[in-house]
Amino acid sequence: MSRILIIDDDQALLEMLREVLEESDNLVLLASNAKQGLNLFEETKPDLVVIDIIMPGLDGFELLRRFKESGQNFKSVVLTGLNDERGREQAEALVADQYLVKPIDLEKFKGIIQDLLQHS
């Protein structure tokens, strides 16, 4: 069973993604802000992290940078409502495994997550 941490300030999206990922017998942990995300990351050592970029407080890029500094081995998916080259470049610089623009196709999302977990 893989541990997946999803960090997004959109509660409806969190619940929808949890439902989709739990269908594949994953343990899905939810955080609605960066502080919760940092705490859950440290406590649970997830196999994969899904991070929204635009959030109050720390943005998703800063959060991913902090996760990477921990030295922990994990896969990462960046979610954003912004479809711009600068965001993609930042995600690549932080070595994010995937960069997805909202709204996301749930079946495609599920496939990407399964593929990342199989190759971790």
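Author: N26 sits in the loop between α1 and β2, where helices (H or I, at least four residues) and strands (E, at least two) are DSSP runs numbered from the N terminus. This is a predicted model, in which local features need pLDDT of at least 70 and side-chain atom pairs count only at pLDDT 80 or more, while totals for chains, interfaces and linings use all residues. Residues are numbered from 1 along each chain as its sequence is written, and side-chain values use heavy atoms, leaving out hydrogens and water.

N26 counts as buried because its relative accessibility is 11% (buried means under 20% relative accessible area, exposed over 50%, partly exposed in between, with a 1.4 Å probe and protein chains only). Setting aside neighbours within four places in sequence, N26 is in contact (heavy atoms within 4.5 Å) with M1, S2, I4, L21 and L117. With L21, a polar atom of the N26 side chain lies 2.8 Å from the backbone oxygen.

Now for the elements on either side of this loop. Helix α1 (residues 11–22) lies across β1 (3–7), β2 and β4, and runs at about 170° to β2; such angles run from 0 to 180 degrees between N-to-C directions, with axes fitted to C-alpha atoms, for helices over the stretch in contact. Strand β2 belongs to an open sheet of five strands with parallel pairing, in the order β2-β1-β3-β4-β5; two strands pair if DSSP finds at least two bridges between them. The edge strands, each pairing on one side only, are β2 (27–31) and β5 (98–101).

Note on methods: A polar contact is a pair of N or O atoms within 3.5 Å; within protein, one must be able to donate a hydrogen and the other to accept it, and residues adjacent in sequence count only if both atoms are side-chain atoms.
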